[in-house]
Amino acid sequence: MQRGQQWIEQLLTLLRIETSVTTQEQEDSFWLTIDEKNLTPEQIEILTGPNGQVLDAIQYLLNTTLNIAQPTDVQASYTIELNQYRVRREAVLREMVAKAVQTVQETGEASEMKGLSSAERRQVHNLLKDYEDLESFSRGQEPDRRLVVHRRETV
């Protein structure tokens, strides 16, 4: 957790953004929260990017950099939070999942979810694991990759 905090603080220093980073251990990852109190709205917008793309890219670089050449049993998962973006986005994803589940269960037809980052698709796959009658997969190529929810085939 400390390595992740140091990494993100060093990046922010290089970007000449003066703020602090707090850490919290979650069930399956370390959350690194960038304190937005001293940031301008423009700095928050730049660090988040359109649809969270910059925040996702920083998070990807952090995870890749700190886990490279590490044995699997010591690799860690880091989530970067800024201005409650991840919390708000998770609520939106849960709503999207609920609508897709309802559509598939009511109509029996597959439902496609568009506009998700790879991290969000992974999150949705995990949310859908609770539904034994449904399964999901991704299809297409970036930037038009989609997550598909459909009824599980019974044998």
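## Basis

The model is predicted: local features need pLDDT of at least 70, side-chain atom pairs count only at pLDDT 80 or more, and totals for chains, interfaces and linings use all residues. Residues are numbered from 1 along each chain as its sequence is written, and side-chain values use heavy atoms, with hydrogens and water left out.

## Overall fold

The protein has 5 helices and 6 strands. Helices (H or I, at least four residues) and strands (E, at least two) are DSSP runs, numbered from the N terminus. Along the sequence the pattern reads α-β-β-α-α-β-α-β-α-β-β. The C-alpha trace spans about 55 × 40 × 25 Å along its principal axes.

Of the 155 residues, 34% count as buried. Buried means under 20% relative accessible area, exposed over 50%, and partly exposed in between (1.4 Å probe, protein chains only). A contact means heavy atoms within 4.5 Å. Among contacts with a separation of 6 or more, 51% join residues 24 or more positions apart.

## Surface and charge

The protein exposes about 10200 Å². Carbon and sulfur atoms supply 48% of that area. Accessible areas come from the Shrake-Rupley method with a 1.4 Å probe; for residues, only the protein chains shown count as cover.

There are 17 positive and 25 negative charges, and their mean positions are 4 Å apart. Lys and Arg count as positive and Asp and Glu as negative; His and the chain ends are not counted. Each charge is placed at NZ of Lys, CZ of Arg, CG of Asp or CD of Glu.

## Helix 2

Helix 2 covers residues 41-48, and its buried residues are I44, L47 and T48. These residues lie on the same side of helix 2, because they cover an arc of only 95° around the axis. The arc is that of the directions from the helix axis to the C-beta atoms. E42, E45 and I46 are exposed, on the face turned away from the buried side.

G49 follows helix 2. The phi of G49 is positive, near 75°.

## Salt bridges in the helices

Side chains of opposite charge can pair when their charged atoms come close. Here a salt bridge is a side-chain nitrogen of Lys or Arg within 4 Å of a carboxyl oxygen of Asp or Glu. By this rule the count comes to 10 salt bridges.

One of them joins D56 and R86, at 2.7 Å from N to O. D56 lies in helix 3 and R86 in helix 4, so the pair ties together parts 30 residues apart in sequence. Both D56 and R86 are buried.

Another salt bridge pairs R94 with E90, and the closest N and O atoms are 3.0 Å apart. R94 and E90 are 4 residues apart in helix 4, so about one helical turn separates them. R94 is partly exposed, at 45% relative accessibility. E90 is also partly exposed, with a relative accessible area of 25%.

## Salt bridges between strands

The side chains of E112 and R139 meet in a salt bridge (2.4 Å, N to O). E112 is in strand 4 (residues 111-113) and R139 in strand 5 (residues 134-139). The pair links distant parts of the chain, 27 residues apart.

E112 is partly exposed, at 32% relative accessibility. R139 is partly exposed too, with a relative accessible area of 39%. E112 and R139 also belong to a network of salt bridges that includes D144 and R146.
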